[in-house]
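Visitor: I would like to go through the aromatic contacts here. Could we start once the model is on screen?

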Amino acid sequence: MKKLIAAPLMGLAALLSGCDSANTTSDTSNSTAAAVSSPAAEKTARFTQFIYQGESQEKVTLGEGEFRNPILSGYAPDPTVARVGDDYYVVPSTFTHFPGLPIYHSKDLVNWIPIANAIDRPDQLNFMNIGVSRGIFAPDLSYHDGTYYIATTCVDCGGNFVITAKDIKGPWSEPHWLGFEGIDPSIHWDDSGKAYIVNNGAPNEEPRYDGHRAIWIQEFDYKNLKMVGERKQLINGGVDISTKPVWIEGPHIIQRNGYYYITAAEGGTSVHHSQTIFRADNVLGPYVPAEHNPILTQRDLDVDRKDPIIAAGHAKFVQLPNGDWWATFLAIRPYDRDMFNIGRETFLLPVYWENDWPYMLPPGERIPFTHKKPALPEQPAAEIPTSGDFGYTDNFDGNALGVSWMGIRNPIKPFYEVKDQGLNLACHGGLGDLAKVPSYVGRRQQHHIAEFTTTLSFNPAAEGDAAGLAAVQDDRHTMFVALTRLDGKDQVALFRRQGTTKDTLIKATPINKAKDVTLTLAFNAGKAKAYYEIDGQRQLLVDNVDATNLSTNVSGGFVGTIVGPYCTSN
């Protein structure tokens, strides 16, 4: 196992340990945090280790000079990519997970390291009272004249906004709200010196069908961070409105050889997802669709093919110093045709140009699991890879969680601390209540064949007290293996939710009092096992449990499963 890099989680860790958030939060937030009692004064569970081991379903052999897709495994949808000099950055969507908008860095577009989160202060946004799959949709990262910009949407929590930073690692600004309707804003830095924002919005007519959307443009005063001038509709419906194309979204503008291009996703985020391209002589159009649209899709392939990749789209292009073009995009590695617990992932493919039109993947061709690497200086592999088969161990060293940990909704009260090589988690509960921040932190499930293990000490004094490992798709779709108090006895139990906020007991077994208990959740596609270990003796609690409740196709929404410590007290 590889040891987890315990990069500091700026803002969140300071607040949650009851401290000033590195002087980045407002006076109100600091006062609120200081007024809340320390987690140590409440019933707590102590976790002293977290281990992950993952294996891909598909068996892949890398050739010399090749990389492996996906480049970001597990729950990394809507990837935006940006190049700044010799550095490349990717930022995916995170909805109401906090901290949010993780920033990954690479020198070669293949090996990625998480370095920061752009949403890392609880007062930047308010995710309270909204579901897990609302919040932050489809960010767009860009860089201009010494400043980094992220344009994105907070669905049900404010709308479209821009945040800025002088350093990619932050601090990132408070949101600058933009005021227009729709989602998926993207900044285009025009050669003329002007800036524009394109986005998905309602059409300028009565919608002709469900999913009828349009692409709009408006000038962006980047010096004052506000919109100016008239909004103009550029694309109505999609490539061919007579075919009733749905959910055109995620638009980006590219300038090349005197042309303007809009690349946008079309077809919805499920199996009909695709990527399209349009071209114009002027930034304001008119835009003409390419005859070879879509330039990327997997919807035309046999549904019963082995090791499928499905639902590909939402691409963004990036140009290398040598003139080559590549694109990041999202896709899904499912089991049982279209089931997937690990969320939508980030993939990488080259973009080829012919007659001033871009091409990505010919019709009927499968997205490859391996491909020749981009023509860039190779960087050493990260200590914890983001692709392929890998594992890691977090011993909770230091005084902060690593940058890849996240919770659900943004906290205003402390509920954990990292101290003395352990994670102390206050037992507030909260899973299932949209008005609460659960006593929960987790890491992405990055493989369908995956095992999560944690060691904890906890005294379940009252009936219903429970602490352990929770696998969470959303508040109503969970799996929880816990040390708990049931029927007046200490027991290890597995609970499951599907479409409800009530836990269903799958299996429980009494145990003798023990200082430390090690709990494991193991997944293989749509099946799960739970284990417990006391005094070095590992026991199977339950086998062959239905884990399809953790599939996005069952729960609905747009996220992937996150697994980690959870504690609740009765």
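Guide: Y52 is at 0% relative accessibility and so counts as buried (under 20% relative accessible area with a 1.4 Å probe, protein chains only; exposed is over 50%, partly exposed in between). This is a predicted model, in which local features need pLDDT of at least 70 and side-chain atom pairs count only at pLDDT 80 or more, while totals for chains, interfaces and linings use all residues. Residues are numbered from 1 along each chain as its sequence is written, and side-chain values use heavy atoms, with hydrogens and water left out.

Visitor: And Y392, buried or exposed?

Guide: Y392 counts as buried, because its relative accessibility is 0%.

Visitor: How many aromatic pairs are there?

Guide: The count is 25 aromatic pairs, where rings of Phe, Tyr and Trp (its six-membered ring) pair if their centres lie within 6.5 Å; planes under 30 degrees apart are stacked, over 60 edge-to-face, and the rest tilted. Y52 and Y392 are stacked, because their ring centres are 5.4 Å apart and their planes are at 25 degrees.

Visitor: What about F95 and F137?

Guide: Their ring centres are 5.2 Å apart with planes at 70 degrees, so that pair is edge-to-face. F95 and F137 are 42 residues apart, and the pair links distant parts of the chain. Both F95 and F137 are buried.

Visitor: Which rings form a cluster?

Guide: Ring pairs join F50, Y52, F390, Y392, F396, W405, F452 and F523 into one.

Visitor: Changing topic, which charge sits over the ring of Y531?

Guide: The charged end of R538 does, 3.9 Å from the ring centre (the criterion is NZ of Lys or CZ of Arg within 6 Å of the ring centre and within 35 degrees of the ring normal). R256 lies over the face of W353, 4.0 Å from the ring centre.

Methods:
Helix = DSSP H or I, 4+ residues; strand = E, 2+ residues; numbered from the N terminus.
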